[in-house]
Amino acid sequence: MYWEKDLEIMPREELVKLQRERLHKTILQAAKTPFYRKQFAKLHITPESIQTLEDLQNLPFTTKEDLRQGFPFKFLAVPLEEVVRLHSSSGTTGVPTVIYHSAEDLDRWTNQVARCLYMVGVRKTDVFQNMMSYGLFTGGLGMHYGAERLGALTIPIGAGNSKRQIWFLQFFKTTAAHILPSYALLLANLIKSEGLDPKKDLNLRIMLIGAEPHSEETRQRIEELYGAKAYNSYGLSEMNGPGVAFECPYQNGMHLWEDYYLLEIVNPQTGEPCASGEVGEIVLTTIYRDATPILRYRTRDLASFIDEPCPCGRTHRRISRIQGRSDDMFIVRGVNIFPIQVEKVLMGIPEVGTNYRIVLEREDYRDVMRVEVEIKSELFLGDLQKLERLRERIQSELRSEILVTPEVSLVEPGTLPTQEGKAQRVLDQRKF
Amino acid sequence: MAHQISVFAENKPGRIEKITRLLLQGGINIRAITISSANGFGVIKILVNHPHQAYELLRAQGIPTYLQEVIAVVMQDAPGSLHAVAQVLSENGVNIEDAYGFVIKSGEMAVLVIQVESQPRAQSILERNGFRLLSDEEIYHL
């Protein structure tokens, strides 16, 4: 039941010792990057002075903004020729964040994902259908290589195209799938509409659900619909991607691999450590990656520690489900979106007024993003067709910015609700 | 030359109620109204007795309103009258972008309101062909 037994059930003292060794190497590695070299110099810190997690906590947090400022190479710790792949944030707003991987980094990440998959029971004999986007998004490729490492027959089908997904599920008798939880619910309906019962007519036994927050109820629903076990998966591209934390068969919190990361959970306002059970922001330090070491990265994801030992025997601490975000990012159909991206597009169009609102709803298990846009009175020329063209233009410009096609509705100026005079930008009415 | 006011409105209950209430409060009389809508919003076109006043009144309430020149053609309320107008315009290659009509006195007089691309040209074509066009003032006295 363990992929790497020694590491997975390693006694805490030994695990902490291993973390120290790896942290030390990471700090030396970080000192090679322009960003951390400058930071260490400014704080008069020598790499030797950072030995423990407590020492590390003397360093400031690293934020997504730091990564952006560091574009393109300020976080790179190896010669570029040692880099074999990069992953990058998908948005086109501003500067992307880029993570570089050496061959060894990728090998470790692949092993990390294989460990997760093995933990939940995926084996060489499984047929693994990877229904996540391939490309710059880490969800597709990350899980793909992990499944191959296990020896599973891996189908790189990617996201979308439900008819084809259903055909593959049937024809190859797929037993394990990596899928967005919202898509899993939607797909079940489509399967039924083809006259099939996802429970009886398919062979799915394991589903890996991640890339968007979801509730225990959603998981149970997916499990009932497909007659399969569904496991929560957590990752982010700055920390490789999928495989950062994963549920074990006990399905009670996700084990965060502490031989790959140092884990902190902090109060997002004060930055102070949270007590066990208290919800705070996950802060991670890579300790098993050479090309792009990142120290104390503020993930903006909110969760809490689960401190009790897990019956599965793994000693790596668990975190709760992701409870939300400490910034205003939201996720639509697996795509990360910041309101500022929407705002930039809207404010670049002269006919658009000053106020707008993003409404998120779930219809038939599908995320619907609607952008309500106030029109500017002065630029209304009495023409319905011009308005319709404006609506279409807003829609297509948003689509190319956020990679999701929103519904756009034009509304009268001054009609969008405000809270205490402050515009409410995002109204999320989805039930997770 | 006559004027109509065009009002942007979301396609939801209460919009026309609000606009007509404001016009009522301003003592404005509505001669004709037409609504066209697309994806969740529409444009309400209203012919009133005091278009400039109605325009200022709605604008002051923050409602996107546009004051637009239109041609108001007097017709007989009899078969073939509308066709006669359309024929003249067609022969002269004038494209009608929007139109609506209303009867003033049954069996006697009707008005056709049209919007075309080149308003002055269409106006002179119609006048040359003997049609009577109404000004705001004349609409007011109808």
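No disulfides are found over all chains, where a disulfide is a pair of cysteine sulfur atoms within 2.5 Å. The model is predicted, so local features need pLDDT of at least 70 and side-chain atom pairs count only at pLDDT 80 or more, while totals for chains, interfaces and linings use all residues. Residues are numbered from 1 along each chain as its sequence is written, chains are lettered from A and ligands numbered from 1 in the order written, and side-chain values use heavy atoms, without hydrogens and water.

**Cysteines**

- The closest cysteine sulfur to that of A:Cys116 sits in A:Cys248, 11 Å away, which is too far for a bond.
- A:Cys116 is buried, at a relative accessible area of 0%.
- A:Cys274 also counts as buried, at 10% relative accessibility.
- Buried means under 20% relative accessible area, exposed over 50%, and partly exposed in between, with a 1.4 Å probe and protein chains only.

**Chain A overall**

- Chain A holds 12 helices and 23 strands.
- These are DSSP runs numbered from the N terminus: H or I of at least four residues for helices, E of at least two for strands.
- Along the principal axes, the C-alpha atoms of chain A fill a box of roughly 75 × 60 × 45 Å.
- Of the 432 residues in chain A, 57% are buried.
- Chain A exposes about 18,300 Å², and carbon and sulfur atoms supply 52% of it.
- Accessible areas come from the Shrake-Rupley method with a 1.4 Å probe; for residues, only the protein chains shown count as cover.
- Take the contacts in chain A between residues at least 6 apart in sequence: 66% of them join residues at least 24 apart.
- Contact means heavy atoms within 4.5 Å.

**Domains**

- Domain bounds come from an automatic or database domain assignment.
- Chain A is assigned domain 1 (1-327) and domain 2 (332-428).
- The C-alpha centres of these chain A domains are 32 Å apart.
- In chain A, 16 residues of domain 1 are in contact with 13 residues of domain 2.
- Chain B splits into domain 1 (2-69) and domain 2 (70-141).
- The C-alpha centres of the chain B domains lie 22 Å apart.
- In chain B, 15 residues of domain 1 are in contact with 13 residues of domain 2.

**An open sheet in chain A**

- Four strands of chain A form an open antiparallel sheet in the order β10-β11-β12-β15.
- β10 (261-266) and β15 (324-325) of chain A stand at the edges with a single partner strand each, so one side of each has no neighbour in the sheet.
- β12 (residues 297-303) of chain A pairs with β15(A) in the antiparallel sense over two bridges.
- A:Asp301 has A:Arg325 in β15(A) as its bridge partner.
- Two strands pair if DSSP finds at least two bridges between them.

**Strand β1 of chain B**

- In β1 (residues 2-10) of chain B, nine of nine residues are buried.
- B:Ala2, B:Gln4, B:Ser6, B:Phe8 and B:Glu10 point one way; B:His3, B:Ile5, B:Val7 and B:Ala9 point the other way.
- β1(B) runs antiparallel to β4 (residues 65-76) of chain B, joined by six bridges.
- Within that pairing, B:Ser6 stands opposite B:Tyr66.
- Six bridges also join β1(B) to β3 (residues 41-48) of chain B, again antiparallel.
- Here B:Ile5 stands opposite B:Ile46 in β3(B).
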